[in-house]
Amino acid sequence: MFDKSTWIRLPRNVVIGHGVLGQVGAAVDDLYLSGQPLLVTSPTPERLAGDRLRAQFPVEPHTVTVERASFASVEAVAETAQAEGTDYIIALGGGKAIDIAKMAAERVDCGFVSVPTVASHDGIVSGRSSIPEGDTRHSVAADPPLAVVADTELLAQAPWELTTAGCADIISNYTAVKDWQLAHRLKNVEYSEYAGALSEMTAEMLVDSADSIKPGLEEAAWIVVKALVSSGVAMSIAGSSRPASGAEHLFSHQLDRLIPNTALHGHQVGVGSIMTEYLHSGEKGRWRNIRDALERIDAPTTARELGVDDEVVIEALTTAHTIRDRYTILGDGMSEDAAREVARVTGVIEG
Ligand SMILES: NC(=O)C1=CN([C@@H]2O[C@H](COP(=O)(O)OP(=O)(O)OC[C@H]3O[C@@H](n4cnc5c(N)ncnc54)[C@H](OP(=O)(O)O)[C@@H]3O)[C@@H](O)[C@H]2O)C=CC1
Ligand SMILES: O=C(CO)COP(=O)(O)O
Ligand SMILES: [Zn+2]
């Protein structure tokens, strides 16, 4: 008997382009959302775009400005939403505001709309939140946004390194998919050909467009945000972050535990991807292509460029497999010698 079934949750409206910040009200209206909105933002996006956004709604949105991502912030937003009779949530900002809004919307069971102001990683469009807690980080499933409104004019003005981090998060899809396929072969983890192919193709198209990904070019924001949407869709099809998160992400999550707030998520996973590609395919594999692609878009390729000590890289590599129950090329852990070898051969560390 055929007894498979699946739910694929996707954003209904994806609006990308120059000046589309002015279309958030229309995108919300088109979703038949009405009543009291709650705007969740962080200080810089509030300053840059808060008033322009609030002016578009017939009912003045209440606003919560969050300083940092934490479960306490999620609770505070959820409590405000309940107290103020919120009907839907709009997130304006980077991963911090969007992840908090996504989880709070899940908590109070209302829809949310994502208005990214940085193209820093694919969490801005996905159905996952990543929230730090103590010395660990929780990757939590949540409903994806009902709509994403990405204004390329605004995104192009954001700090360049946040855009290169978004690019590197996409480039890491190459190794994430390899890890997923490996887990499928060795551990019978369910694999989606559609999600895997979409994720790989997204990375391929971004790398093919690398010459247009330059600071000050609005087209760069356009290319990157479309790739982030596409990667988010791959995760929604898969029903997990597997298409976009493998061993390179475990390495990055471990760096976040060891040395919080040192480098950007996308930059860490990019460097991780160089090394895990080497682990998958060896010296003659495509690790140089990944390194060169990162270099072309100005993303870090070494520990030094990340601002991370060589020994921390070794510690992160040898302990990353313990982060979560996700089988990858790291298997049940790398020995210190093997970690040192891969980091040295790929030029990530000098020693
Ligand atoms: N859901 C997921 O899959 C993932 C989620 N994450 C999470 O996302 C967060 C990190 O995301 P990230 O986007 O880097 O972080 P932030 O939301 O903190 O944004 C990064 C920085 O950019 C500033 N900023 C935002 N918009 C603009 C703009 N248009 N121009 C200038 N500066 C701007 C912010 O300022 P200010 O703080 O003043 O507002 C902040 O300093 C973390 O909480 C992490 O856990 C990371 C990876 C994946
Ligand atoms: O960052 C992500 C995808 O790019 C999400 O991955 P995690 O599920 O590992 O948090
Ligand atoms: Zn990522």
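**Pairing, burial and domain contact in a predicted model**

In this predicted model, L39 has T63 of β3 as its bridge partner.

Me: Which helix belongs with β2 and β3 in a β-α-β unit, and what is its hand?
Reply: Helix α2 (residues 43-54) makes the unit with β2 and β3, and the unit is right-handed. That word is used because, with the strands pointing away from the viewer, the path from the first strand over the helix to the second runs clockwise.

Me: Where does the UniProt record place a binding site?
Reply: The unreviewed entry gives the feature "binding site" at residues including K96, D99, T117 and S120. The annotation may be inferred rather than shown by experiment.

Me: Why is K96 called buried?
Reply: The cut-off is 20 or more other C-beta atoms within 10 Å. K96 has 23 such neighbours, so K96 counts as buried. K96 is found in helix α4 (residues 95-108). Not counting residues up to four places away in sequence, K96 touches S42, V66, R68 and A69.

Me: How do you know whether S120 is buried or exposed?
Reply: The count for S120 is 30 C-beta neighbours inside 10 Å. Buried needs 20 or more, and therefore S120 counts as buried. S120 is placed in the loop between β5 (111-116) and β6 (128-133).

Me: What is S120 in contact with, leaving aside its neighbours within four places in sequence?
Reply: The contacts of S120 are G94, G95, L162, A165, G166, L264 and G266. Each is a contact because the C-beta atoms lie within 7 Å.

Me: Which domains does the chain have, and what separates their centres?
Reply: The assignment gives domain 1 (13-157) and domain 2 (160-345). Their centres, taken over C-alpha atoms, are 26 Å apart. The contact takes 25 residues from domain 1 and 27 residues from domain 2.

Me: Which elements give two or more residues to the side of domain 1 that touches domain 2?
Reply: They are β1 (13-17), β6, β7 (136-141), β8 (147-151) and α5 (152-157). The most comes from α5, with 4 residues. By class, this side of domain 1 has 12 nonpolar, 8 polar and 5 charged residues.

Conventions: Residues numbered from 1 in each chain as written. Chains lettered and ligands numbered in written order. Predicted model: local features only at pLDDT ≥ 70, side-chain atom pairs only at ≥ 80, totals over all residues. Buried ≥ 20, exposed ≤ 12 C-beta atoms within 10 Å, placed from the backbone. Contact = placed C-beta atoms within 7 Å. Pairing = 2+ DSSP bridges. Domains from an automatic or database assignment. Nonpolar A, V, L, I, M, F, W, Y, C, P; charged D, E, K, R; others polar.
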